[in-house]
Amino acid sequence: NACKVDFTEADMIGVPCYVGLDLAQTWDMTALVFAFPWDSSRIRLLPYFFMPERGIETLALSVPAILDWRDKGHIITMPDNRTDYRFLKVEFARLAAMFPPLELIYDPWNAEQVTQEMADEVGVVRFEFGQSLKNFNSPVKEFERLILGREIEHNGNPVLTWQVGNACVKTDANANKRPIKPKPDSPKKIDGVVAALMAAAG
């Protein structure tokens, strides 16, 4: 909350950025986070969340606030009852026209074809980011450092705020860290945190 800054989509138009994608496979939440290098040390985050109506209705049984987030446009409803890759590609192209992407950073698991098509459509380089402790260790530690120094800035998106509050950290015997949900079957999502970590690491 201390990192909240008043800025809008319009303030970031034309600013080059890195994009992190956490892609849902069926009817879960997809997160697309744009990270803008802002002066010599700060990073501004602009998140977008997508979810099929079926997923929203199911999650609302445990998280009623999701209906309000949907109605206020903080979650963009996909037109099908499953993750619609065509819809996502159109939305990415629309956003990339406003925020010039330097890299599209993604988890390669089940995402090769759609991310290749997304990248080709807008002419951006892709960068694989497997969801391992090794890959997440440095980004997690740097993200923590930026938060403590108030060098991560966000505009108060309630979905991202909720997900940051849900995120736990798994640490191995060598102090390597990665983000995890409180429990594997928990309705508490962290997709936006994962996408933000990937984007901020760009």
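Is K72 buried or exposed? K72 is exposed, with a relative accessible area of 58%, where buried means under 20% relative accessible area, exposed over 50%, and partly exposed in between (1.4 Å probe, protein chains only). This is a predicted model, in which local features need pLDDT of at least 70 and side-chain atom pairs count only at pLDDT 80 or more, while totals for chains, interfaces and linings use all residues. Residues are numbered from 1 along each chain as its sequence is written, and side-chain values use heavy atoms, with hydrogens and water left out.

**Salt bridges**

- Side chains of opposite charge can pair when their charged atoms come close.
- The count comes to 15 salt bridges, each being a side-chain nitrogen of Lys or Arg within 4 Å of a carboxyl oxygen of Asp or Glu.
- One of them joins R70 and E53, whose closest N and O atoms are 2.6 Å apart.
- This pair links distant parts of the chain, with R70 in helix α3 (residues 65-71) and E53 in helix α2 (residues 53-60), 17 residues apart; helices (H or I, at least four residues) and strands (E, at least two) are DSSP runs, numbered from the N terminus.
- R70 is partly exposed, at a relative accessible area of 22%, and E53 is partly exposed at 22% relative accessibility.
- R70 also meets D71 in a salt bridge, at 3.1 Å from N to O.
- D71 is exposed, and its relative accessible area is 57%.
- The exposed K72 from our opening question forms a salt bridge with D68, at 3.4 Å from N to O.
- D68 is partly exposed, with 37% relative accessible area.
- Elsewhere, a network of salt bridges links D39, R42, R44 and E153.

**Aromatic rings**

- A pair of aromatic rings is described by the distance of the centres and the angle of the planes.
- Searching the whole structure gives 6 aromatic pairs; rings of Phe, Tyr and Trp (its six-membered ring) pair if their centres lie within 6.5 Å, and planes under 30 degrees apart count as stacked, over 60 as edge-to-face and the rest as tilted.
- F34 and F99 make an edge-to-face pair, 5.5 Å from centre to centre and with 65° between the planes.
- F34 lies in strand β2 (residues 30-38) and F99 in the loop between α4 (85-98) and β5 (101-106), so this pair ties together parts that are 65 residues apart in sequence.
- F34 is buried at 0% relative accessibility, and F99 is buried with a relative accessible area of 0%.
- F50 and F87 are another edge-to-face pair, with 6.5 Å between centres and 80° between the planes.
- Here too distant parts of the chain are linked, with F50 in strand β3 (residues 42-52) and F87 in helix α4, 37 residues apart.
- F50 is buried at 0% relative accessibility, whereas F87 is partly exposed at 23%.
- One aromatic cluster is formed by F34, F36, Y48 and F99.

**A look at R54**

- R54 sits in helix α2 and is partly exposed, at 42% relative accessibility.
- In sequence R54 and D28 are 26 residues apart, and in space they are 8.9 Å apart, C-alpha to C-alpha.
- Leaving aside residues up to four places away in sequence, R54 touches W27 and N81, where contact means heavy atoms within 4.5 Å.

**Helices that cross**

- The axes of helix α6 (residues 133-148) and helix α8 (residues 191-200) come within 9 Å and cross at roughly 95°; axes are lines fitted to C-alpha atoms, for helices over the stretch in contact, and angles run from 0 to 180 degrees between N-to-C directions.
- α6 and α8 are therefore roughly perpendicular; angles under 35 degrees count as roughly parallel, over 145 as roughly antiparallel, 65 to 115 as roughly perpendicular and the rest as oblique.
- F136, P139, V140 and F143 of α6 meet V194, A196, L197 and A200 of α8.
- By class, this contact of α6 with α8 has 8 nonpolar, no polar and no charged residues; Ala, Val, Leu, Ile, Met, Phe, Trp, Tyr, Cys and Pro count as nonpolar, Asp, Glu, Lys and Arg as charged, and the others, Gly among them, as polar.
- The axes of helix α7 (residues 158-166) and α8 come within 7 Å and cross at roughly 95°, which makes α7 roughly perpendicular to α8.
- L160, Q163 and V164 of α7 make the contact with D191, G192 and V193 of α8.
- By class, the contact of α7 with α8 has 3 nonpolar, 2 polar and 1 charged residues.
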